[in-house]
Amino acid sequence: MEKTETTSNKSASFVGYFRTTGFLIYLCHGLSTWGDRMWHFAVSVFLVELYGNSLLLTAVYGLVVAGSVLLLGAIIGDWVDRTPRLKVAQTSLIVQNVSVIICGVILMVVFLFKSPLSTMFHGWLLTACYIFVITIANIANLASTATGITIQRDWVVVVAGEDRSRLADMNATVRRIDQVTNILAPMAVGQIMTFGSPVIGCGFISGWNLCSMCLEYYLLRKIYQRTPALAIKAGQKVADQEMKPLNKQKDIECGQTKQDEKSGLVCPEGAQLMKVKTLEQEKEQRCGDKVLEPFYTLRDGWVAYYNQNVFWAGLGLAFLYMTVLGFDCITTGYAYTQGLSGFLLSLLMGASAISGIMGTIAFTWFRRKCGLIQTGFISGVAQFSCLLLCVVSVFMPGSPLDLSVSPFDNFASKYLDMNTLMEPALTTAEPQLVTTVGFTNSTTESPRDEQFQPESYISVSLLFAGIIAARVGLWSFDLTVTQLIQENVDESERGIINGVQDSMNYLLDLVHFIMVILAPNPEAFGVLVIISTSFVAMGHLMYFRFAYKLLGRQLFACTSKDPAIQTSNHKITDCVAVST
């Protein structure tokens, strides 16, 4: 009987977990992330295929997206702070998904009627379609940024309450969902596009976003109803408290004016004229302020970010984005030039995802054992130590490092002759030629069944071993800084600070793309690896500066007998964590 009761209790608790608020957040985030990853993968492929296998539209799209978040991140965060939570989540959800659906429909029309569209109005109608797709896709990305700020950086904190261990577990689970969807979502939509067609891929993504939007809308409302604290926002409380004394002062002034009028001290007509002039002046000021308000918000957001206690930790995290040592298009392109097959690369990406999940597990373990700040220190040392393998790989056999090769040799002639080089591939069936795009010193033509074989695989093996191993420290460090920002930024500023943090991340990401543009050949990739490792080191040094300063302040607070000093430093971590 006891075993039966124990089994029934376990099954009841297992079923009950799927009804908890935490699970609803994970499910909502999983649906949103799955749609995001499918769309981000597919839109790049669609743009390449539409523009004649050129990376021009993809590059323009990436530049527009990064520039928009860089300029509007603080403004989006400020809107998140000033708007009720449910309205922010629902508005950003609808804008994001509707934008993706519209883009999918436009792309389907372009794929089906590309030839007629290219001849109408001398091709300007097709160009307008490209502009519409990039613009609406950028709006979808901005809405996705707002969704990430409000759900991952605000709702999760409120749902976790004062339990920091629960907050750490929820952050780690959210990151694990990100890691899994990063691999599975592109694979799923890639298979649909391979065995179907781009039109079917567009239709599938549009249909997915429509269904997902309805389900996410329901889940958001359910989470909001189950968590009463989400209905209370610190910014709104402060605004209400500030308005009360203003209203009282206004009532006092009105009463004083009436008394003066009764006693004959103030002329009613003169008072009326003064009120009209005052209202006109206020109206002119309001019009000017409305025009300049976004610039004021942008300025105030960056100033507020700089004044935060966790400024150096956030800046250190942003510096980690200035790197070529990740599984993006740049590292993938370099791997192709070194003879790695697509199948092997997919296995390496899977290993990278597993490594990232291990980083989330390591974060929760180290945070429990050592404390939050110490976890960031350990993660930084682990990541940098692993990246030293990448630096060593630059000087090992098989490395293409050759500083005597200039990336700008024959730069103009290469692109002037590109059309001539591609004509035989379009007119003749044999031999079938491939134009290598990316990390190549020149436009090369080679049979499809032949692949470049380096003299040794030691260099590229060490490179990817270091990248994959470093993901453990990277994601553990990312979670550390994320929770530091969640715990130490006031609730009324949480949106704008996270918006500026996203802007900083995109800024350093842009710098890394500019760095690749200046040195695009594989012979210079070793230099990019060394520069990237240097930026990672600088980022962790910034965090170490933050940790040293805060740990010293907290140690003083814990040993001090003054209660005012102790309470002024309670946000970062507890005295128990310092002693461990």
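A residue counts as buried under 20% relative accessible area, as exposed over 50% and as partly exposed in between, and phenylalanine 377, at 41% relative accessibility, is therefore partly exposed. The model is predicted.

**Aromatic pairs**

- The ring centres of phenylalanine 377 and phenylalanine 544 lie 4.7 Å apart with the planes at 50°, so this pair is classed as tilted.
- Phenylalanine 377 belongs to helix H14 (residues 372–393) and phenylalanine 544 to helix H19 (residues 525–559), so that the pair links distant parts of the chain, 167 residues apart.
- Phenylalanine 544, at 22% relative accessibility, is likewise partly exposed.
- Phenylalanine 477 and tyrosine 543 have ring centres 5.1 Å apart and planes at 75°, which makes the pair edge-to-face.
- Because phenylalanine 477 lies in helix H17 (residues 458–488) and tyrosine 543 in helix H19, this pair ties together parts that are 66 residues apart in sequence, and both residues are buried.
- Ring pairs link Phe377, Phe477, Tyr543, Phe544 and Phe546 into a cluster.

**Serine 206**

- Serine 206 sits in helix H8 (residues 198–226) and is buried, with a relative accessible area of 8%.
- Beyond residues up to four places away in sequence, serine 206 touches Val100, Ile101, Gly104 and Val105.

**Leucine 298**

- Leucine 298, located in helix H10 (residues 268–306), is partly exposed at a relative accessible area of 23%.
- Apart from neighbours within four places in sequence, leucine 298 contacts Leu71 and Ala74, while its C-alpha atom is separated by 9.7 Å from that of isoleucine 76, 222 residues apart along the chain.

Terms used
Residues numbered from 1 in each chain as written. Predicted model: local features only at pLDDT ≥ 70, side-chain atom pairs only at ≥ 80, totals over all residues. Heavy atoms only, no water. Helix = DSSP H or I, 4+ residues; strand = E, 2+ residues; numbered from the N terminus. Buried < 20%, exposed > 50% of the residue type's maximum accessible area, 1.4 Å probe, protein only. Contact = heavy atoms within 4.5 Å. Phe/Tyr/Trp six-rings, centres within 6.5 Å; stacked < 30°, edge-to-face > 60°.
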